[in-house]
Amino acid sequence: MPQRIVLLEPPYVFWDRAMDRIRDGEESVTGWGVLVLAAVAKKRGHEVAIVDRKSGGSTLAAAVAEITALAPDVLGVSATTISVHNGARIAAAVKEKLPQVTTVVGGPHVSAVPQATLAAFPAFDYGVAGEGEVAFFALLDALASGAAIHDLPGVVVRGGDGAVRANCRAPYIDDLDALPFPAWDVLGDAFPHRFGPSIFNYRRTPVATLVSSRGCPFSCTFCDRSTSGKLGRYHGVEYVMEMCRMLAARGARHVMFYDDLFTVKRKRVVELCEAMIRAELPFTWSCNSHPNLLDFATMKLMKRAGCWQIAYGVESGSQRVLDVVKHEVKLPRLRETLRLTRQAGIRAKGYLMLGHPTETLASLEETRAFLEDVDLDVAQVTKFTPYPGTPAYATIHEYGTFTENWERMNAMNFTFIPNGLSEDILEDYFARCYRAFYTRPRVLWGLARALCAQPSYLLRFLGYARKYVAGARARRAGRDAAAALPSDSSLAAAP
Ligand code: B12
């Protein structure tokens with residue numbers, strides 16, 4: 001039976017915390033999962049709308065008003081760990097106005113901790129653990145027909161006694177090409193023109209994203225594979241090329257590949273690049289990679305195919321820490337990959353974290369020193385966070401003090417303090433690491449060139465600077481972020 005479905009991406013934070021300056025720097029692209037679910041919904045005859053409230057400091061009232069105006073039968077909430085509270089707040093408020101609405105939560109958080117999520121948030125009627133393209137619609141069909149739901153794979157449900165039952169994870173979808181193309185049309189003309197990617201992440205505008213594969217074979221202990229799995233599943237080259245042509249026709253001039261790991265299979269990367277070169281696509285693109293995977297010839301081919309930036313999970317400048325977190329990389333190889341990337345004419349971006357399990361003063365110092373001379377154009381350092389579902393989460397209390405508060409786990413708070421360290425030491429090194437990298441003349445010169453080449457960077461840069469100053473003032477004034485949290489007794493059970 002056709003239903004009216006609203007898919008919601010909740011805001012990360014409603015209230016103005018000192019850290020909100022970071023959220024403003026965050027990308028506002030609608031999630032790939034939601035776009036594909038919307039496409040499947042349409043194909044099955046449902047009416048579907050997407051409410052994307054991730055960025056822009058949305059208020060609860062505004063999100064609720066937008067949803068209730070759409071009068072959904074089903075509200076599907078796509079939530080990560082940091083957005084699940086807000087998803088529940090919105091679901092509860094929508095239910096007050098539209099008591100008949102069915103609420104379903106999906107996404108990485110409920111996939112990692114299905115029971116805990118439904119137990120914590122009564123506003124969610126059901127959950128879906130794992131990929132939703134089959135499980136979500138099997139649930140809706142069963143609800144419509146009155147069939148049994150408690151055995152449906154991936155469906156998380158409350159029993160009559162209130163206990164939560166989760167039926168294993170939804171099986172991974174093997175044939176990705178059997179899925180419909182993402183429902184970009186649901187976003188209207190705003191897409192891709194209104195997508196605000198992070199500064200220094202794109203060559204030109206408008207910018208769009210593309211996911212060409214799912215899964216990653218590495219076993220890094222900080223990473224959650226609850227939704228995508230370890231086994232790589234790939235769209236065929238022709239399917240990807242068709243998506244590229246669709247994005248080009250919509251006006252995209254830079255595409256960001258948001259695969260778990262774009263370069264897992266060298267042969268596939270080569271085939272894709274060759275097809276892109278033949279098609280003479282009008283956009284540049286960027287992707288991510290693991291430092292062990294690419295050789296110089298492939299990088300040069302990627303450059304010819306329009307690759308502008310590769311983002312690498314660098315994670316740490318300490319070999320000992322890299323070994324502990326099972327990143328399976330040796331520092332000399334890592335440095336060489338970064339050097340070759342830049343030599344091939346592609347910008348190299350590095351993601352690092354501080355405060356890993358077993359981190360010490362010595363390893364923090366190694367990371368700082370590493371940032372003083374490593375061959376990177378951009379470095380992004382975040383604060384290690386043990387997300388539910390990651391291997392690190394299971395044993396985290398052996399390595400230090402972890403305060404599990406889902407809303408604060410945005411990788412910009414040290415929620416985990418390794419044994420022997422303190423938050424002050426970590427914050428000090430966080431600032432030192434950024435200073436070590438962003439005071440290097442070569443790095444500054446590169447950023448200045450990028451700022452001049454891309455006018456939208458300058459506007460963003462000024463916007464961040466304004467937010468940064470406001471945030472610093474707020475912190476100096478000693479405003480207590482926690483005190484600004486909306487009081488909400490229905491969330492009392494949630495970490
Ligand atoms: C691309 C990506 C990003 C992009 C874009 C995010 C976006 N809006 O599209 C950027 C770079 C912005 C980003 C940022 C961050 N990310 Co990120 N990201 C990813 C990545 C690599 C792929 C996501 C994706 O598109 N997958 C493909 C689609 C098809 O899968 P999907 O979105 O999960 O959707 C499927 C299911 O989840 C489910 N589903 C989803 N929604 C719904 C809704 C309903 C109703 C139902 C029924 C089902 C359902 O069905 C979908 C289709 O199968 C994932 C890794 C991963 N595999 O999950 C990490 C991941 C989601 N990110 C993560 C994190 C931690 C972050 C950051 C905090 C990192 C940081 N240092 O800043 C930030 C902040 C994000 C946030 N605020 O929550 C974690 C989340 C862990 C958690 N428990 O919350 C992940 C899982 C990676 C990890 N470390 O383990 N990220």
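Q: At what angle do H8 and H9 pack?
A: This is a predicted model. In it, helix H8 (residues 237-250) packs against helix H9 (residues 266-279) at an angle of about 40°, and their axes are 10 Å apart. That angle makes H8 oblique to H9.

Q: And is the crossing of H8 and H9 left-handed or right-handed?
A: H8 and H9 cross in a right-handed way.

Q: Which residues in H8 and H9 meet?
A: From H8 they are Val237, Val240, Met241 and Cys244. On the H9 side they meet Glu271, Leu272, Ala275, Met276 and Ala279.

Q: What's the contact of H8 with H9 like by class?
A: It has eight nonpolar residues, one charged residue and no polar ones.

Q: OK, switching to the ligand. Which residues come nearest?
A: There are 41 residues around the ligand, and Gly33, Gly76, Ser78, Gly106 and Gly132 come nearest.

Q: Which helices and strands supply at least two residues of that shell?
A: Three helices do: H2 (32-43), H5 (108-112) and H7 (132-145). Strands E3 (74-78) and E4 (102-106) do as well.

Q: Which one gives the most to the shell?
A: H2 does, with five residues.

Q: How do the shell residues divide, nonpolar, polar and charged?
A: The shell around the ligand has 19 nonpolar, 16 polar and six charged residues.

Q: Last one: which domains does the shell draw at least three residues from?
A: Domain 1 (4-166) and domain 2 (192-453) each provide at least three residues of the shell around the ligand.

Methods: Residues numbered from 1 in each chain as written. Predicted model: local features only at pLDDT ≥ 70, side-chain atom pairs only at ≥ 80, totals over all residues. Axes fitted to C-alpha atoms, helices over the stretch in contact; angles between N-to-C directions. Helix = DSSP H or I, 4+ residues; strand = E, 2+ residues; numbered from the N terminus. Parallel < 35°, antiparallel > 145°, perpendicular 65-115°, else oblique. Left-handed = near helix turned anticlockwise from the far one by under 90°. Contact = placed C-beta atoms within 7 Å. Nonpolar A, V, L, I, M, F, W, Y, C, P; charged D, E, K, R; others polar. Near = placed C-beta within 6 Å. Domains from an automatic or database assignment.
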